[in-house]
Amino acid sequence: MVKFSKQFKAQLVPEWKDAFVDYWQLKKDLKKMQIHCFNQNLVNKSPEENLPQRLLLSPVKKLSLFSSGWGHKNETIQVHRKLMSTASNGDLYETELLDQFEETNAARDFFARLDLQLNKVNQFYKAKEKEFVERGESLRKQMEILVHLKAAMKKQREQGCLNPDSKEDQSISSSICFEDESIKDTTDQEQTQESLASDCEKSEVQFCDSLEEQDESGNLVKAKRAEEGKHTSLSGRIFSCQGKNLKINIPLTTPSRTISALTYLVWEDLVNQSKKCRPEKAKLHINKTKLHRAEKMIRGAYIELFKGLSYLRTYRNLNMLAFVKILKKFDKAMGKQILPIYLKVVESSYFNSSDKAVRLMDEVEDHFTKHFADDDKRKAIKYLKPNQRKESHSVTFFIGLFTGCFIALFIGYCIMAHIAGMYTRQSDTIYMETVYPVLSMFSLFFLHLFLYGCNIYMWRKTRINYSFIFEFAPTKELQYRDVFLICATSMTIVVGIMFAHLSCTLKGYNSTQVQAIPGILLLMLTVVLVCPFNIIYQSSRYHFLRVIRNIILSPFYKVVMVDFFMADQLCSQVPMLRNLEYVTCYYVTGSYKTQDYGYCMSTTNFRDLAYVVSFLPYYWRAMQCARRWFDEGEISHLVNLGKYVSAMLAAGAKVAYEKEKTIEWLSLVVLMSSTATVYQLYWDFVKDWGLLQPKSENPWLRNELILRRKFIYFLSMGLNFILRLAWIQSVLHSNIANLDYRVTSFLLAALEVIRRGHWNFYRLENEHLTNAGKFRAVKTVPLPFHEVDLD
């Protein structure tokens, strides 16, 4: 049977851990009290008293101390309830020990902590319940507006106001009056939005431009205080009618919306300069697409609210069970029965007696079923309570099977390559220039993926909520076993084909078909990646492609956690990207037919493209920092941008040094690379990992640590420092033993991938602790409709 402490730890909400009952500390206090009581009994024990007699008399003593009511003389404790200074904080409980307690000091400390935990749980529950109730009320109003707009659109369609055959979007239109107004909004995302208006049942509903912006998928909202010079104050149109003003906020998360908003903004500024405050008529439209986006935002907010209420229900049940368990332990250890007395207080406390969250949860389920599931409760439950994918034993079996096949094939490939002298300085130049880049590229990619699987395993083991941070769908996210299966299967295929190709090469088969084998391998895995059929983890593949698209089109896409996290991974995969560019050039240009491997390195365009590839990951990451600064207005993003600019300058100095190896360029490489390394190390340790805090509870670390052993953090910082210096080898070009320089470069690239995989764990640990510090366990989804007060 699993102990309750393990169940409690496994089921609690990770981000709310500090708000739960400190069950483990209460157990420690109880153990100290038990030891103190045992020592006291040894001192006071009479010589004729023996152990059998004490065991026989103990049940009688327990019964004599039992009290089930309040106000009786034989009660052991009495719990007082008093109001706190502010009514919003609720009641405060305090336990008084009566004369029956001989171990007064130890018992007083225990009950003082128990009261502290009860008061903490009540206050946290009340605060979260209030927050969710306010969200529920806002969602109810949002839903009413959406229903009215959809009804108005349906009514006008029935009346023939809209032409179904028109190629333009069907919309609601109305004539409205407007006036210029300067808008300032101090929300966490500031952007210009589209102005919309409609006539809803002969009553005009007005909308205006807004500077609010949130991510359409409901990314985490970080509280932001407005600073001087950080607001975006723009001229927009405020529409009013009958004293009521509304605005619709559709996030600018795509390039088309961003460009359209900027174009609209410039045009409005030009118009406002020529027409200042002149009343005139304007006709605006709400089309079906924008209503659909608003509906999607409200639906996401309902799902997140239901998830938060589910967490709150778990919070109440687990805490109630924790109080029962610790009181039972107290009764058993001390031979007293305070469970009925104190449990009555806990049951009547706010967190256990309030039913607001329960009723709101039922309302949310009913509204979601009615408006988003066509009154189909099963369909609604699939959205509100998605089931986790069950882990299959077959996955574990195939991991072992393909891992064994990979090891066997890899050993055979290494033996064959060693006998043929492929990876020495006297190796076959054609093979190393044409085939080896393919193997190196896949090895680096799947090594990175394997380390990601290891990260997932460690994040789950340490209760780091990576799914919430990355905003993964619970039914579609990859588990670490899935990642290991992909790596084992893919590398088995890659090494198997490379083994077959090397065998053909050593036997003297140099036909075009044989030389095309590596290219066919690359094409095959590319086809699998973009395959439109629902096979081989389609949702994960498409999510990966969407993230890559967002990175490539930076800064036009709004940056979320998974986007810049993936861009950081690409910064460690520059050698893989360069190999990908070279291999693509080799096969696309048809050079493999003549084995002219020097064509892609000698042609100016392809050679320059190879240099561009070296800069692209840092450029993408810098553009993401610029976009985040534009959205959030925090100077730290500009400082982070400087880190990637320094990396680009160091990479440019290395490129120049490769072309012209002079002492001047070497000095510049050392200077720029050293500066970039110091910059990166500071950001790794202080910003990304949150370490090196001299005044923290854990000197030179941070106040909160997930790993128990502190020396691991110091070892990790040392390892990260050493691996950050790998660029020295790229400057010195020293060879290891008799290995080809390409193999040496591959080993250095693999070390950088390992460093990145090691960095990933601490980066997510710091992010998780930041969320936990703010008790942020559910996403704050933006709402589309907002009322504006022009006074």
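This note walks through a predicted model of one protein, point by point.

1. **Ground rules.** The model is predicted, so local features need pLDDT of at least 70 and side-chain atom pairs count only at pLDDT 80 or more, while totals for chains, interfaces and linings use all residues. Residues are numbered from 1 along each chain as its sequence is written, and side-chain values use heavy atoms, with hydrogens and water left out.

2. **Overall make-up.** The protein has 28 helices and 9 strands. Helices (H or I, at least four residues) and strands (E, at least two) are DSSP runs, numbered from the N terminus. The chain has 791 residues, and 48% of them are buried. Buried means under 20% relative accessible area, exposed means over 50%, and partly exposed lies in between (1.4 Å probe, protein chains only).

3. **Surface and contacts.** The accessible surface is about 40,900 Å². Carbon and sulfur atoms account for 59% of that surface. Areas come from the Shrake-Rupley method with a 1.4 Å probe; for residues, only the protein chains shown count as cover. Take the contacts (heavy atoms within 4.5 Å) between residues at least 6 apart in sequence: 75% of them join residues at least 24 apart.

4. **Salt bridges in general.** Side chains of opposite charge can pair when their charged atoms come close. The structure holds 20 salt bridges. Each is a side-chain nitrogen of Lys or Arg within 4 Å of a carboxyl oxygen of Asp or Glu.

5. **E365 and K377.** These two residues form a salt bridge, with the closest N and O atoms 3.6 Å apart. E365 sits in helix α9 (residues 356-372) and K377 in helix α10 (residues 377-384), so the bridge ties together parts that are 12 residues apart in sequence. E365 counts as buried because its relative accessibility is 12%.

6. **E433 and R742.** Here the side chains meet in a salt bridge at 2.4 Å, N to O. The pair links distant parts of the chain, 309 residues apart: E433 is in helix α12 (residues 429-434) and R742 is in helix α28. Both ends are buried. E433 has 11% relative accessibility, and R742 has a relative accessible area of 15%.

7. **R627 and D631.** This salt bridge spans 3.0 Å, N to O. Both residues lie in helix α23, 4 residues apart, about one turn of the helix. R627 is buried at 5% relative accessibility, and D631 is buried at 2%. Elsewhere, salt bridges that share partners join D684, R724, E752 and R755 into one network.

8. R756 lies in helix α28 (residues 741-773). The R756 side chain does make a polar contact with the side chain of S572, at 2.7 Å. A polar contact is a pair of N or O atoms within 3.5 Å; within protein, one must be able to donate a hydrogen and the other to accept it, and residues adjacent in sequence count only if both atoms are side-chain atoms. Leaving aside neighbours within four places in sequence, R756 is in contact with H448, D568, Q569, C571 and S572.

9. **D688.** This residue is found in helix α25 (residues 663-688). D688 is buried, with a relative accessible area of 9%. Neighbours within four places in sequence aside, D688 is in contact with K643, W683, W759, Y762, R763 and N766.

10. **K290.** K290 lies in helix α6 (residues 288-334). Is K290 buried or exposed? K290 is buried, at 14% relative accessible area. The C-alpha atoms of K290 and P784 are separated by 9.9 Å, although the two residues are 494 residues apart along the chain.

11. **A nonpolar surface patch.** W629, F630, I635, L638 and V639 form a nonpolar patch on the surface, with about 410 Å² of accessible area together. Patches are made of residues with over 30% relative accessible area and no salt bridge; like charges are joined within 9 Å, and nonpolar side chains (Val, Leu, Ile, Met, Phe, Trp, Tyr) within 5 Å. The elements giving two or more residues are α23 (604-632) and α24 (635-659). The largest share, 3 residues, comes from α24. W629 is found in helix α23 and counts as partly exposed, at 34% relative accessibility.
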